Amino acid sequence: MPYTEAPGARVPIRMWTDPEGVEPAAMDQLRNVTRMPWVHGLAVMPDVHFGKGATVGSVIAMRDAVSPAAVGVDIGCGMTAVKTTLKAEDLPDDLGRLRSDLEAAVPVGFRMHRAPVNVARIHGFKTGDWDRFWGRFGDLAPAVHGRRDRAAHQMGTLGGGNHFLEVCLDDDGAVWTVLHSGSRNIGKELAEHHIERARKLPHNQDLPDRDLAVFVSGTPEMDAYRRDLFWAQDYARRNRDVMMGLACDVLRRSFPGVGFGQWISCHHNYVAEERYDGVDVLVTRKGAIRAGKGEYGIIPGSMATGTYIVRGLGNESSFNSASHGAGRRMSRNKARKTFTEADLAEQTRGVECRKDSGVVDEIPAAYKDIEEVISAQTDLVKVAAHLRQVVCVKG
């Protein structure tokens, strides 16, 4: 569908969803963003919903400024997927053992590895330059210097909430592995440190929303944020790489001879330096993926509604972006009050996954319809594959 423009904004709000269907609080957030003098443009994805400072599902292009709250606290959160040579008939009828093996290899929730993962022991692992990466830790904000060991032990861990590790089947019966996670606690601490620092700066005292506080180019605060931000984004990518490597080793042990195709990976909470309308801008995608022409992306639904592998169409009206998932349609608290374990078991029938009260807030009905989200952005992405999960590991 082509975008529509919401009224009452200083710069155009290009929306790939019906403005009438967006919660009023989220629309207020979108309009607040456009009132900031640094904003060059704003694109809104079909999975948009209320967030802290900026909505989830928004793409903000700023000139010479960036808002750390508009990135989110899980810096670099995103997705990785890989197609295997396995077919549906290669999987056992009882997938409980496979789920247990994945949970043993990749710590979930608050768990972490007992010792940092030795990536040299992961078969065929290609992500390198680890000494340079960890060597930059001492340059980060002093507030996190005591977290070096924790960050090392959390490298290659899933976390909780809406993070997941799945085994899926595409429409041709091919087996895929898909995961969703970010920069773990170290990214959160860096984000919170810089959000609080930005709030105290003089130029942020009269903003329509203090949570939108920005750093501006040419200042030591901006330089420090960019340094920590890009390091955390790298941590998130490496975290997913390590987890995928561990998951692939589980499949190698369970299915000797299995092969793996191209790894597809994308951030959906991050900042990138890009150029639009002849202007250099910092593009913040909070709950959105980059969808440049021909670029692969991943758009998941929920625990039992599948995932889409897509290729970008390079639509500059959206700042080369697309949605990051289905997006929540109700809060976690409301989901817990609305649904029961029995509801969860029914809605996840056929999927080997947790079905207890600890994940009721992740029930599929708490999310928007992924099919509607995909159909709303046919001018942003083209579907390359549709996956449905058979195993879902949650924290």
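## A partly exposed glutamate and its partner

Glu352 has a relative accessibility of 24%, so this residue counts as partly exposed. The model is a predicted one. Arg99 sits at 16% relative accessibility and therefore counts as buried. The cut-off for buried is under 20% relative accessible area.

The two side chains meet in a salt bridge, at 2.9 Å from N to O. Glu352 belongs to strand S17 (residues 352–353) and Arg99 to helix H2 (residues 96–105), so this pair ties together parts that are 253 residues apart in sequence.

## A bridge from helix H5 to a loop

A salt bridge also joins the side chains of Glu189 and Arg147. Its N to O distance is 3.1 Å. Glu189 lies in helix H5 (residues 184–199). Arg147 lies in the loop between helix H3 (130–135) and helix H4 (148–154). The pair therefore ties together parts that are 42 residues apart in sequence.

Arg147, at 34% relative accessibility, counts as partly exposed.

Arg290 and Glu295 form a salt bridge, with their closest N and O atoms 3.1 Å apart. Arg290 is partly exposed at 27% relative accessibility. Glu295 is partly exposed too, with a relative accessible area of 31%.

Elsewhere, shared partners link salt bridges into one network. Its members are Asp129, Arg132, Arg136, Asp234, Arg237, Arg238 and Asp241. A search of the whole structure gives 28 salt bridges.

## The nonpolar cores

In soluble globular proteins, nonpolar side chains tend to be buried together. In this model, the largest nonpolar core holds 83 residues. Leu102, Trp134 and Trp231 have the most contacts inside this core. Helix H6 (residues 220–254) supplies the largest share, 14 residues.

Which residues does Trp231 touch, not counting those up to four places away in sequence? They are Phe133, Trp134, Arg136, Phe137, Leu140, Ile186 and Leu190. One of these contacts, Arg136, is also a member of the salt-bridge network.

Technical notes: Residues are numbered from 1 along each chain as its sequence is written. This is a predicted model: local features need pLDDT of at least 70, side-chain atom pairs count only at pLDDT 80 or more; totals for chains, interfaces and linings use all residues. Side-chain values use heavy atoms; hydrogens and water are left out. A nonpolar core is a set of buried Ala, Val, Leu, Ile, Met, Phe, Trp, Tyr and Cys residues joined through side-chain atoms within 4.5 Å. Buried means under 20% relative accessible area, exposed over 50%, partly exposed in between (1.4 Å probe, protein chains only). Helices (H or I, at least four residues) and strands (E, at least two) are DSSP runs, numbered from the N terminus. Contact means heavy atoms within 4.5 Å. A salt bridge is a side-chain nitrogen of Lys or Arg within 4 Å of a carboxyl oxygen of Asp or Glu.
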